[in-house]
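Take the sequence and the fold together.

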Amino acid sequence: MTTLSHPSVDRVADALAVHGLTPGIVWLDDAVTTAQLAADALGVEVGQIANSLVFTIDDEPILVLTSGAHRVDTEWLGAELGGVIRRASRETVKAATGQVIGGVAPVGHPSPVRTVVDVQLADYPVVWAAAGHAKTVFPTSFDELVRITGGTPRAVTRD
């Protein structure tokens with residue numbers, strides 16, 4: 001049996017282990033670079049996908065873990081957080097997380113990244129997050145995401 005491996009995925013697995021977690025990282029046949037593709041591949045609701053989106057707030061990286069069921073309202077969230085949120089460049093994403101767009105995990109970064117966790121993810125007992133590569137995901141929960149990222153739970157869109 002072949003065990004798939006990738007340096008970014010290995011770092012995510014190590015980071016999860018530090019937090020006492022050994023979730024089964026799932027390798028999918030195809031890249032799942034959107035919430036809908038991930039949901040379809042897993043046979044779950046799109047809202048169960050925890051999108052890892054890297055933005056900048058006043059030029060500092062911020063990771064927003066949002067439910068795949070909606071988009072982050074960057075203007076509103078920026079105002080709520082007291083700054084201006086912009087989409088991060090590919091270079092900023094890679095520097096902040098050590099991972100590339102499409103496979104950014106909530107953990108396994110070179111250093112801590114300020115993180116916001118969408119409270120809508122709490123609606124699901126199991127959510128799925130990227131595991132460091134566009135073909136990888138792992139199951140977790142809202143509470144675990146908050147704990148392992150040190151993230152701040154909050155709405156990411158105006159209700």
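Helices (H or I, at least four residues) and strands (E, at least two) are DSSP runs here, numbered from the N terminus. The model is predicted, with local features needing pLDDT of at least 70 and side-chain atom pairs counting only at pLDDT 80 or more, while totals for chains, interfaces and linings use all residues. Residues are numbered from 1 along each chain as its sequence is written, and side-chain values use heavy atoms, with hydrogens and water left out.

Start with the open space. A pocket is found on a 1 Å grid over the protein atoms alone: it is an open set of points where a 1.4 Å probe fits, with protein on both sides within 12 Å along at least five of seven lines. Lining residues have an atom within 4 Å of a point. Grid points are joined across faces, edges and corners, and the volume is the space filled by probe spheres set on the points.

The largest pocket holds about 560 Å³. Its lining counts 30 residues, and T33, T34, N51, S52 and L53 lie nearest the centre. Two or more lining residues come from each of helix 2 (35-42), strand 2 (49-57), strand 6 (127-130) and strand 7 (136-140). Strand 2 gives the largest share, seven residues. By class, 17 lining residues are nonpolar, eleven polar and two charged. In this scheme Ala, Val, Leu, Ile, Met, Phe, Trp, Tyr, Cys and Pro are nonpolar, Asp, Glu, Lys and Arg are charged, and the others, Gly among them, are polar.

The second largest pocket has a volume of about 200 Å³. It is lined by 13 residues, with P106, V107, G108, P112 and I148 closest to its centre. Helix 1 (7-18) and helix 5 (142-149) each supply at least two of the lining residues. Seven of the lining residues are nonpolar, six are polar and none is charged.

Now turn to the charged pairs. A salt bridge is a side-chain nitrogen of Lys or Arg within 4 Å of a carboxyl oxygen of Asp or Glu. The count is two salt bridges. One joins D73 and R158 at 3.4 Å, N to O. D73 sits in the loop between strand 3 (60-67) and helix 3 (74-81), and R158 in the segment after strand 8 (152-154), so this pair ties together parts 85 residues apart in sequence. The other joins R154 and E80 at 3.2 Å, N to O. R154 is in strand 8 and E80 in helix 3, 74 residues apart.

Accessibility sorts these residues. Buried means under 20% relative accessible area, exposed over 50%, and partly exposed in between (1.4 Å probe, protein chains only). R158, at 53%, is exposed. E80, at 43%, is partly exposed.

Which residues of helix 1 are buried? They are S8, V9, V12, A15 and L16. These residues cover an arc of only 120° around the axis, so they share the same side of helix 1. The arc is that of the directions from the helix axis to the C-beta atoms. On the other side, P7, D14 and V18 are exposed.

Two single positions close the tour. A129 is found in strand 6 and is buried at 1%. Its C-alpha is 6.4 Å from that of A105, 24 residues apart along the chain. P106 lies in the loop between helix 4 (90-97) and strand 5 (114-118). P106 is buried too, at 3%.
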